[in-house]
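User: Could you walk me through the strands and the aromatic rings in this one?

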Amino acid sequence: MRLSVFISTILVFGLIETSTAQLNRSIPSEKPKLIVQLVVSQMRFDYISRYWDKFGDNGFKLLVNEGTYCRNARYNYLLTQAYPGLATIATGANPSVHGIIADKWFNRNTGNEVEATADDKVNTVGGSFFSGKYSAKNLVTSTFGDELKLNNANSKVVSIALDAGSAILLGGHSANGMYWFDTEKGLWVSSSYYTDALPAWVDTFNSKGFAKLYTDREWKALQPIQKYEEADTAAVKLVEKKKSLAEKLKGMMDGIIGKPQPKTDFKVLLENPYGNLLTKDLAIAAVVGENLGADEHPDLLCITFSANRFIGGKFGPHSIEMEDTYLRLDRELAHFLEFINSTVGKENCLFILTSDQGVASTPDYLEKSKIPGGYFDPKKAMILLGSYLNALYGQGNWITGYHDKQIYLNRKLIEDSNLNLADFQQKVADFMLEFSGVSNSTTAHNLQNGNFANGIMVKFQNSYNQRRSGDVIINLEPGWVERNGKVTSANSPYDYDSHVPLIFYGWKAKRKSVLNPVYINDLAPTLSILLGITWPNGATGTPIKEMIE
């Protein structure tokens, strides 16, 4: 009898202890132990609804159904490219302030092209000679991660992406770990700007050979090809395109989208969904290896799935390849969320999902629906512009560079010729309006001396940086994209390029849908308010009230 009472008492106390532990686990910590910033590169807002019926329940759907979904989140500047977008997420500022005006731009002093994060003065850590020559030196403001570490030296910041620029610009200047993929050796590497040696957990991960394993895989469609209802199977008018489409679909009927190369070429991971799988694997290894979210000091993990950007540029946003990539990413996202919940706990982790840019539909796709669009050829345009300037002002090298809708003029030659720079810029801007597909053009002089309150010129001004931007900037009409070796691109202020998902999930994030306008430069100030730390020093956004109320 006494033994029975004793056992019953033990069971009661055990149930109470278990219930208490479960209750404690469901109560959010005072501050999130881990913040995960996840950027799906080049993810248009409409992708979630487009693929909704094919997603599983525990990936994108889980975030939308149980998180705070900002449905009206946009970038508020003209040149919507990947690196300006990532810098805007991290700094809470527009390109005019943080300085990353484009993926690449022209340096007037040296006459050379500048890659946003390239740095010849640093060395590779853990890989081939050139793969690690990158840093955040061109990012002129602090990031949320930088301010987190300034506030608490015990907080850790880790950033991961296939390409160096994505990892660096999202993570910032002072991250504990900054890692990207060396496509020559198939290893995750870093830069001497951040560390002298890779930590043991990264070396261990590299030694397992996942990169080669994924590179050697065939990219097989998750579903029968007939179930992919995207544009590749839509009606095509031109005979040549019909033939090309037929050959492509014939090759896909056995379910194989991409075949491995005879020789291991790690670059293929940039253009297939196994690159996302490899990125997710390293992110999980980082949580374990760095003990992220294991104590009361908030940590930050930045993850950019940049393979989507390369896949979109190669195949287009309405391709079978793009759809299959998102169906696969949905599974990887579900696995990662399950891992975070089992290790850190949903109640202790604030998860943010967004994108660095959208992407335009290909003009060929728009043509099928009789929607206006086209390709603007910058090379031909610059040849004609040069001839026009020679006829107007005499023979000379009046144009020194063109980069992503920005025209750089030879200011020294203009000055030596006793010409007024502002007038010269305006002549160029007026001439550019003569080209098919050009909607707007303005000058550096107008942007420096004007103060625009609304309209398209606000977006011009938010993209313009006096030290780095061109003398003349153009904007194309909706549906028009530049010819740049890809089937399509972003780089416009229109909805398909600027409207992106923004979802908060986990720690104190309520189930709600936010329809009020939100700009992506509001994200860093919002996180700063939630953690009670200083905003990034160039931040111009405002906290999202639905997240801080």
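**Strands and rings**

Analyst: Four of the five residues of strand β15 (residues 399-403) are buried, so the strand is largely enclosed by the rest of the structure; buried means under 20% relative accessible area, exposed over 50% and partly exposed in between, with a 1.4 Å probe and protein chains only. Strands are DSSP runs of E of at least two residues and helices are runs of H or I of at least four, numbered from the N terminus. This is a predicted model, in which local features need pLDDT of at least 70 and side-chain atom pairs count only at pLDDT 80 or more, while totals for chains, interfaces and linings use all residues. Residues are numbered from 1 along each chain as its sequence is written, and side-chain values use heavy atoms, with hydrogens and water left out.

User: In which sense do β15 and β16 pair?

Analyst: β15 and strand β16 (residues 406-409) pair in the antiparallel sense over four bridges, where pairing requires that DSSP finds at least two bridges between the strands. In this hairpin, with two residues between the strands, aspartate 404 takes a positive phi near 45 degrees.

User: OK, rings now: how many aromatic pairs?

Analyst: The structure holds 26 aromatic pairs, counted when Phe, Tyr or Trp rings (six-membered ring for Trp) have centres within 6.5 Å, with planes under 30 degrees apart called stacked, over 60 edge-to-face and the rest tilted. Among them, phenylalanine 205 and phenylalanine 210 have ring centres 5.3 Å apart and planes at 45 degrees, so that pair is tilted.

User: Is phenylalanine 205 buried or exposed?

Analyst: Phenylalanine 205 is buried, with a relative accessible area of 8%, whereas phenylalanine 210 is partly exposed at 25%.
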